[in-house]
Protein chains: 2
Amino acid sequence: MTARPLPGTDCAAGIRARVADRAGRIGTDGRRPVLAVVTATDDAAAAWYVRSIASAAETAGVDCRVVDLGAQASPGEIGACLQDLSADRDVRGIVLQTPLPAGAEPAVLAGAIVPDKDVDGANPLSLGYLAAGRRAFAPATAEAVVTLLDQHDVDVAGCHVVVVGRSTVVGKPLAQLLLDRDATVSLCHSGTRDLAAIASSADIVVAAVGHAHLITAEHVGPGATVVDVGTNPTDDGGLAGDVDPAVVGKAAALTPVPGGVGPVTTALLLQHTVFGPGG
Amino acid sequence: MTARPLPGTDCAAGIRARVADRAGRIGTDGRRPVLAVVTATDDAAAAWYVRSIASAAETAGVDCRVVDLGAQASPGEIGACLQDLSADRDVRGIVLQTPLPAGAEPAVLAGAIVPDKDVDGANPLSLGYLAAGRRAFAPATAEAVVTLLDQHDVDVAGCHVVVVGRSTVVGKPLAQLLLDRDATVSLCHSGTRDLAAIASSADIVVAAVGHAHLITAEHVGPGATVVDVGTNPTDDGGLAGDVDPAVVGKAAALTPVPGGVGPVTTALLLQHTVFGPGG
């Protein structure tokens with residue numbers, strides 16, 4: 001058996017096309033809507049990701065404004081920048097790229113992003129709105145997982161979904177989105193005693209641990225759908241997922257890395273920027 | 001086998017004693033610290049709960065101020081009341097009692113409770129802080145579950161905990177608190193396909209569905225610990241838990257109703273009021 005591939009590239013292209021159509025109509029005075037990306041790091045993977053946002057924005061008629069504060073930026077500088085962008089009427093979306101310099105807490109600083117521009121759902125208020133069932137931006141990566149499953153007609157309602165990884169940016173908000181769609185959700189992590197037993201009982205396994213090839217065939221039951229959120233840099237400049245490639249011989253369906261969740265994530269940032277929350 | 005009982009009464013009394021000690025020292029001008037409870041309902045169960053808070057407050061040296069706006073109160077009136085209490089320097093804690101009149105959304109109105117007085121963790125910002133690992137009040141019922149397990153030396157780290165019920169006030173924040181303590185958490189609900197199969201594989205089952213005796217022996221594995229969050233009114237004026245009494249013959253340990261999670265919950269509201277978040 002070879003797993004059916006669940007690519008994200010067509011899905012992402014479709015989102016970008018809708019964004020481009022809309023962006024052409026909302027720009028004022030011929031100017032394009034602006035997505036601001038704030039960075040304060042020398043991290044190569046972060047730079048790669050920011051370039052991919054900028055590239056996707058270009059094809060979707062969105063102006064991606066990268067504000068690089070440098071790896072020595074203080075929390076005060078970062079916070080002030082986010083406040084300025086929140087007040088800037090030309091800016092419709094704001095992303096605070098991680099990692100941040102030591103001492104700068106993403107969850108604290110993201111509180112300075114006004115919720116209606118918080119297109120990556122990083123402000124704790126956005127997370128709280130999500131948990132309370134109020135209209136808010138979800139973190140783009142978490143939303144990309146459910147969007148990609150939708151696109152490939154994988155209905156999560158009633159399914160047992162095991163999410164491996166409990167991060168604030170993926171695992172936790174993803175659990176929230178899956179519960180909203182009537183999935184039964186198990187959150188596993190580094191402290192989970194018998195990951196293989198729990199994960200292999202799932203209808204859908206989502207790997208969001210940030211560790212190359214950690215999820216192997218023993219973690220996947222026959223017939224399961226596997227979503228790989230991992231984007232781990234490899235020595236040769238490529239990307240490795242969190243899922244061992246051998247899983248393709250056991251799972252029923254599998255998202256590729258690259259070309260799976262990643263492009264959908266960047267497309268959703270643009271969708272959020274031009275359509276607003278729930279758009 | 002008969003399950004070991006895990007009562008909450010001693011635990012609650014201990015918390016109230018610490019609160020009373022502290023309350024005696026923080027009152028200004030001989031006045032006691034104030035916990036305000038805002039109600040806008042004729043619901044009998046809500047009235048019973050509010051009386052239990054007032055009674056616990058009395059024994060703990062806290063002044064419980066019940067503000068009854070009546071079952072016809074508008075969202076605007078409720079919001080204005082919460083804003084006034086948030087600004088009132090004498091008030092240290094605010095609880096917005098549910099249910100609310102039709103058209104009044106708890107998650108929206110609770111946004112008017114200033115986070116440092118949000119002793120029941122109802123403001124979406126408190127929920128978001130909790131998810132993002134920032135210091136905040138947790139909803140008292142959710143926190144009571146982990147407090148009661150602590151009190152009886154049930155270590156959740158590494159355990160598989162199945163939480164039945166996905167409410168904003170119990171199931172979701174409880175999952176968060178359990179993840180913080182390294183439990184593996186499965187969230188089940190009315191849309192879960194085979195609840196018995198998942199729940200009976202758990203080390204700990206938490207019933208928070210609001211349906212009398214829904215959790216039966218088939219949902220509980222031998223040796224499991226069962227926490228009953230249910231407080232369902234019975235025809236004779238008593239309370240029934242979410243767990244079928246027959247479970248006592250299968251589980252290793254079981255919290256009683258009444259006298260389990262309930263008294264710990266009210267004690268924690270008082271603890272939050274005098275000690276603040278994380279206190």
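The legends below accompany several close-up views of a predicted model.

Residues are numbered from 1 along each chain as its sequence is written, while chains are lettered from A and ligands numbered from 1 in the order in which they are written. Because the model is predicted, local features need pLDDT of at least 70 and side-chain atom pairs count only at pLDDT 80 or more, whereas totals for chains, interfaces and linings use all residues, and side-chain values use heavy atoms, with hydrogens and water left out.

**View 1. Chain A as a whole, with nine helices and 11 strands.**
Helices (H or I, at least four residues) and strands (E, at least two) are DSSP runs, numbered from the N terminus. Along its principal axes the C-alpha trace of chain A spans about 55 × 40 × 40 Å. The radius of gyration, taken over C-alpha atoms, is compared here with a globule rule of 2.2 Å times the number of residues to the power 0.38; for 279 residues a compact globule would come near 19 Å, and the 18 Å of chain A agrees with this. Of these 279 residues, 53% count as buried, where buried means under 20% relative accessible area, exposed over 50% and partly exposed in between (1.4 Å probe, protein chains only). The accessible surface of chain A comes to about 11,200 Å², and 51% of that surface belongs to carbon and sulfur atoms; such areas come from the Shrake-Rupley method with a 1.4 Å probe, and for residues only the protein chains shown count as cover. Among contacts in chain A with a separation of 6 or more, 71% are between residues 24 or more positions apart, contact meaning heavy atoms within 4.5 Å.

**View 2. The loop between strand S5 and helix H7 of chain A, with A:Gly165 and A:Ser167.**
An unreviewed UniProt entry places the feature "binding site" at A:Gly165, A:Arg166, A:Ser167 and A:Thr231; UniProt positions are given in the numbering used here, feature names are shortened, and annotations may be inferred rather than shown by experiment. A:Gly165 lies in the loop that links strand S5 (160–164) to helix H7 (171–180) of chain A, and because its relative accessibility is 7%, A:Gly165 counts as buried. Not counting residues up to four places away in sequence, A:Gly165 touches A:Gly171, A:Leu187, A:Cys188, A:His189, A:Ala208 and A:Val209. A:Ser167 is found in the loop between S5 and H7 of chain A, but with 27% relative accessibility A:Ser167 counts as partly exposed. With residues up to four places away in sequence again left out, A:Ser167 touches A:Lys172 and A:Pro173.

**View 3. Helix H7 of chain A, which is mostly covered.**
Nine of the 10 residues of H7(A) are buried, among them A:Lys172 and A:Gln176 as well as A:Leu174, A:Leu177, A:Leu178 and A:Leu179. H7(A) is followed by A:Asp182, whose phi is positive, near 70°.

**View 4. Strand S7 of chain A, covered on both faces.**
In a regular strand the side chains alternate between the two faces of the sheet. In S7(A) (residues 204–207), A:Ile204 and A:Val206 lie on one side and A:Val205 and A:Ala207 on the other, and all are buried. Two strands pair if DSSP finds at least two bridges between them. Four bridges join S5(A) to S7(A), which run parallel, and A:Val163 stands opposite A:Val206 in S7(A). S7(A) also pairs in the parallel sense with strand S8 (residues 225–228) of chain A over four bridges, and the bridge partner of A:Val205 in S8(A) is A:Val226.

**View 5. A:Thr216 in the loop between S7 and S8 of chain A.**
A:Thr216 is partly exposed, because its relative accessible area is 22%. Leaving aside neighbours within four places in sequence, A:Thr216 is in contact with A:Asp244 and A:Val247. A:Thr216 and A:Ala196 are 20 residues apart in sequence and 8.8 Å apart in space, C-alpha to C-alpha.

**View 6. An open sheet of three strands in chain B.**
The strand order is S3-S2-S4 (chain B), with parallel pairing; the edge strands are S3 (63–68) and S4 (91–96) of chain B, each of which pairs on one side only. The twist averages 20° from one strand to the next. Axes are lines fitted to C-alpha atoms, for helices over the stretch in contact, and angles run from 0 to 180 degrees between N-to-C directions. Strand S2 (residues 34–39) of chain B is joined to S4(B) by five bridges, and B:Val38 has B:Leu96 as its bridge partner in S4(B). Helix H3 (residues 75–87) of chain B lies across S2, S3 and S4 of chain B, running at about 160° to S4(B), while helix H9 (residues 261–275) of chain B lies across S2 and S4 of chain B at about 145° to S4(B).
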